[in-house]
Amino acid sequence: MHNIKIYCVLFLLVMSLDLEAATDNKPQNIIEMSLGNNDGLPNDSYWQQKLDYKIIAKLEPKNKYLTASAEVTYYNNSPTDLLILWFELPQQRFKEEKQKTSESNDIATKYLQVTDKYGTPLKVVWRGTFFSIEPTQPIKARSEFVFHFSWDLTLINRSDALQPRSGFETFDEDKFLFGVAQWFPRAVAYSAARGWSLTPFLGKGEFSLELADYDVEINLPSNYLVLATGQLKNPDTALSKKQYKQWLTLTDTPVFISSSVEESKGKLKNENKKWHFEAYNVRDFSFAAGNNLIWQSQKIKVLDKSIRLNVSYPDNGRWLWHQYALPATRHSVNYLTELLGVFPFKTLNVVNITGISMEYPGIKFVGFRGPNVEVNKEEIKYTRTEKYDVIGGIIHEVAHSYFPMTVNTDERLEGFFDEGLTSYLSYLVEQAWNPNFQSFYGKPYRVFEANHKVDYSAPYQLADKVSNKLDSHYHVPAVAFNVLNKLVLEKHNFNEILANFIKQWRSKRAYFKDFENFVSAQSNENLQWFWHYWFETNKRVDLSIDNVELISASESIEFPTHQTQHKHKPQENIAAINYAIVKNTAVSDPSQAKLLGNSFEGLNLSKQDQYTHFSDDVELAAFHWEMCAYSQMNNSHQILSSGVKFTVNNIGGIPSPIELKVILNNGESLNKKWPVEYWLINIDSVKSKKSLQLEWLFEKNVKIKCVVVDPRRMTGDTQRENNYYAVP
Ligand SMILES: [Zn+2]
């Protein structure tokens, strides 16, 4: 369609107060924190604590048992003398839960000893999963304290009903895969914003952590492969001769590193081997270990930085992981680097352990595997959802490399901050992989799936408080950032602002308030209403166009409003169109489908899935219907209009810029945008009107076929059947 630029005059006729909006309150449990100034930059007085860990650990795979000791240096960079230090062992929660159900409590940590550097025991006091230690002397401001931990940890099955973020997976014949995380006493975050971050660990919330340097030695049987946070320091002794040679000569060409299964032949399984890793200034350390892993690797160079990519999966995860894991990892790193600047890790490991999808610095666990098929078995069909779960799962966890791995967000308090931005970034990476990607989060016109639910909770709440974490912390915030990027800050470059925020807060702790202030300051826009309605309320966008009047040269003609104009309910029509589209475009030959995708796509879809593969095209067809593009919407009247008057009602509660498209009988269209300020009662306020009466006078007389509000489907409108008006 062509766009004709029309200069017009606009009258704002009526303002009506939204009394409901005036009484909007934040959810009661919001604790708004900040470590920045009004421009969203770190305060001049910003400080953060720092730790050094030197850990020696031993894992006994057969017993799922780990023992370890650590020398820890705590750097108190705060202006306060500290009488105690707080640490956390989140897996102690499993112990409490198991005790409640009188199941075996041979789980988590049974012994923990803390001594100072002279071996004198220090007092330990438990509070839930947290414990405090009391040094013999206060730790003076800007001084350090050295002490020792020794502890044990019985690992949990990754498929336990308690949904752990780490654990083991069992295969046949003594084959195990371990995803080891939250396994050592991690310092509780201590900051100027909130002192000690002692929000209890209830299961759904994640972590508030300090940055630390790690020197970690892991001992386990020699037939195990270990991938971990940081850099492997002893590849010459940890790897076999063949592996080491491949490791040394790795290039941009993807290779299968000789597998640990193969290497174990002829070796004593119980003979222990040491793996030594170092990592600097990271918020956590975790590792994966397995004795039936396939290992694919590649070294890429982006923005002059060499990055070693490792993907690893059990030999029954062959098909989808074999095809897509390394390309998806590489694509994510390339795309995110281009968008946000230098990738923060020199080594990136992506490991498939069923049921655990969780981000750690430099290592990501991804829980989706697809059909279980062993190596050398016949290739099988998989569904579209299985495929995009694997690729999307990898993309999501890799995207976490920025939030919370580079900007150290407080996940336990503000889970929506890192998950929302990560889901937004994942959406961009996914759509760049394939515009037909089955993205679960972030599409503005699919937000109704989340915030139309009666019990939908505002995002700005603890993960344990929201009714559905995936809706409130992932999907809706991701949609909100898309709306911000494509609609609200259309004339700015939101992604550039995001990249600048990461640069300013790299390796620092930031709160969402700091992000709000930063984006508002960088764009010079009043966004208070946006943060308030999208993040602090459980409202939604639902604009409705009503009382449309065409203005003729001589007189105004009023037609009945759209609600009474429709002969059919839209859903019925959309279903009919879906059926027609599916019938015409679904293909029976997968090789034909391949031509429609991009080069990443090797489709091997099941019969049933071939019919859902084009769901996005179907959505587009429904969209065409809304745009009155189908013949049933044609009208034959020949009224010449010089403009249009209409009412827009804000039914959902979230105000939005209004985009209007007037579609003409000759197929051309006129477009206009009214900024959100039309809704706001005062500049800088969050209170908004409930309805607007607007008038748009065209430059010349035209024959109008249809009027559509939100024609690009970018507002996140949750109910679209009240978005258009067809001239009868
Ligand atoms: Zn996530």
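Ser-197 counts as buried because its relative accessibility is 3%; buried means under 20% relative accessible area, exposed over 50% and partly exposed in between, with a 1.4 Å probe and protein chains only. This is a predicted model, in which local features need pLDDT of at least 70, side-chain atom pairs count only at pLDDT 80 or more, and totals for chains, interfaces and linings use all residues. Residues are numbered from 1 along each chain as its sequence is written, and side-chain values use heavy atoms, leaving out hydrogens and water.

**Two serines in loops**

Ser-197 sits in the loop between strands E13 and E14. Helices (H or I, at least four residues) and strands (E, at least two) are DSSP runs, numbered from the N terminus. Ser-507 lies in the loop between helices H11 and H12. Ser-507 counts as partly exposed, because its relative accessibility is 24%. The table lists contacts (heavy atoms within 4.5 Å), leaving out residues up to four places away in sequence.

| Residue | Relative accessibility | Contacts |
|---|---|---|
| Ser-197 | 3% | Phe-130, Val-188, Ala-189, Ser-208, Asp-410 |
| Ser-507 | 24% | Gln-48, Leu-211, Asn-281, Thr-406 |

**The zinc site**

His-396 (NE2), His-400 (NE2) and Glu-419, through two OE entries, are the protein donors of the zinc ion, at 2.0 to 2.7 Å. Donors are N, O and S atoms within 2.8 Å of the metal (3.2 Å for Na, K and Ca); water is not among the atoms, so sites may look incomplete. The donor spacing along the chain is H-x3-H-x18-E. His-396 belongs to helix H7 (residues 384-399) and Glu-419 to helix H8 (residues 415-433), so the pair ties together parts 23 residues apart in sequence. Both His-396 and Glu-419 are buried.

**Helix packing**

H7 also meets helix H6 (residues 318-340). Their axes come within 9 Å and cross at roughly 35°. Axes are lines fitted to C-alpha atoms, for helices over the stretch in contact, and angles run from 0 to 180 degrees between N-to-C directions. H6 contributes residues including Trp-321, Tyr-324 and Leu-336 to the contact, and H7 residues including Glu-386, Lys-387 and Ile-394.

Elsewhere, helix H2 (residues 92-100) has Gln-92, Arg-93, Phe-94, Lys-95 and Lys-98 buried. These buried residues pack against strand E6 (123-127).
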